[in-house]
Amino acid sequence: MAPGSLAEQLRARRDQLGQDGGRKTSLRKNPMNGEDMGRKKKNRKKNGPKSSDPTSHPPTLEAKKKKKRKRKRKKDNDACASTRPQPTRPTPSTCPKKKIRGSALQQRMRERLQGAHFRWLNEKLYTCKGNEAFEYFQSNPSLFEKYHQGFAKQAESWSFNPLDEMISAVRKHPRWVVADFGCGEARLAASVSNTVHSFDLVAGNPRVTPCDMANVPLPSKSIDLAIFCLSLMGTNTSDFIKEAHRCLKSNGLLKI
């Protein structure tokens with residue numbers, strides 16, 4: 001190619017660029033085929049990068065339909081998910097109560113502990129004087145309640161309860177005045193029509209008068225029957241007997 005012709009081409013190209021509004025486009029040409037490199041680069045950006053795979057082909061009509069169906073299914077699934085009612089979390093009131101594994105074992109252990117506590121309190125009553133026991137349980141009335149709960153639990157397994165025998169004996173003499181020493185919950189007084197004076201270390205109910213069994217608030221020779229039902233407990237039981245003798249009439253009866 002002659003140099004003159006190349007200069008003419010450059011001038012013609014410059015004039016063309018001036019007519020296009022001064023757009024800047026590279027004038028470099030491929031030395032292999034003379035193609036305009038700037039225009040080729042611009043077209044590549046517009047049409048996207050050329051695939052490196054020479055065997056690649058544009059997607060077929062079937063592939064386009066398959067992709068369209070896939071998008072439609074996804075859209076339908078999203079629509080169903082938005083209209084489907086959401087599961088509600090159960091509240092504590094509606095939740096079913098689960099059985100705690102080992103609850104039976106816990107209950108047995110609790111009962112054994114209660115039994116051990118009862119035996120400890122029982123031992124204390126047997127190893128102290130009446131006035132000491134009175135002061136101790138007056139300062140700890142809840143312990144006396146636990147003692148009687150343990151006593152009632154033990155009595156459930158008995159084949160015979162001596163208190164039932166005492167109640168039957170009192171019912172035969174409805175006019176007798178009775179003193180129940182160590183009455184507990186005063187079941188004897190609640191079971192008969194007699195006048196019954198119920199004494200114990202703590203007042204478990206209104207029928208019970210709390211006091212030391214060696215010093216009850218009764219006048220001398222005022223009762224017909226004195227009862228100690230499973231209540232001669234302490235290191236000074238002889239003082240309890242003397243107090244019952246003081247309260248009994250000359251022909252009174254003592255039942256132990």
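Residues are classed here as buried when their relative accessible area is under 20%, as exposed when it is over 50%, and as partly exposed in between, with a 1.4 Å probe and protein chains only. The model is predicted, so that local features are reported at pLDDT of at least 70 and side-chain atom pairs at pLDDT 80 or more, whereas totals for chains, interfaces and linings use all residues. Residues are numbered from 1 along each chain as its sequence is written, and side-chain values rest on heavy atoms, with hydrogens and water left out.

The chain contains nine helices and five strands, taken as DSSP runs numbered from the N terminus (helices H or I, at least four residues; strands E, at least two). Along the sequence, these elements follow the order α-α-α-α-α-α-α-β-α-β-β-β-α-β. Of the 256 residues, 26% are buried. The accessible surface, computed by the Shrake-Rupley method with a 1.4 Å probe, comes to about 19,600 Å², and 54% of this area belongs to carbon and sulfur atoms. Among contacts (heavy atoms within 4.5 Å) between residues at least 6 apart in sequence, 54% join residues at least 24 apart.

In α7 (residues 162-171), Leu163, Met166, Ile167, Ala169 and Val170 are buried. These residues lie on the same side of α7 because they cover an arc of only 165 degrees around the axis, the arc being that of the directions from the helix axis to the C-beta atoms. The buried residues of α7 pack against β1, α8, β4 and β5 (248-255). In α5, Gly130, Ala133 and Phe137 are buried. Their arc around the axis is only 60 degrees, which puts them on the same side of α5, while Glu135 and Ser139 are exposed on the other side of that helix. An α-helix has 3.6 residues a turn, so residues three or four places apart point the same way.

The largest pocket holds about 620 Å³ of space. On a 1 Å grid over the protein atoms alone, a pocket is an open set of points where a 1.4 Å probe fits, with protein on both sides within 12 Å along at least five of seven lines, and its lining residues have an atom within 4 Å of a point. The volume is the space filled by probe spheres set on the points, which are joined across faces, edges and corners. Of the 31 lining residues, His148, Phe151, Gly182, Cys183 and Gly184 are the closest to the centre of the pocket. At least two lining residues come from each of α5 (130-139), α6 (141-155) and α8 (187-191), and α6 gives the most, with six. By class, the lining has 18 nonpolar, seven polar and six charged residues, where Ala, Val, Leu, Ile, Met, Phe, Trp, Tyr, Cys and Pro count as nonpolar, Asp, Glu, Lys and Arg as charged, and the others, Gly among them, as polar.

Several loop residues also stand out for description. Ala186, in the loop between β1 (177-181) and α8, has a positive phi near 60 degrees although it is a residue other than glycine, and it is buried, with a relative accessible area of 1%. Leu230, in the loop between β4 and α9 (237-247), likewise is not a glycine and has a positive phi of about 55 degrees, but Leu230 is partly exposed, with a relative accessible area of 45%. Asn215 lies in the loop between β3 (208-210) and β4 (223-228) and is exposed, at 56% relative accessible area. Asn215 and Ala244 are separated by 29 residues in sequence and by 9.3 Å in space, C-alpha to C-alpha.
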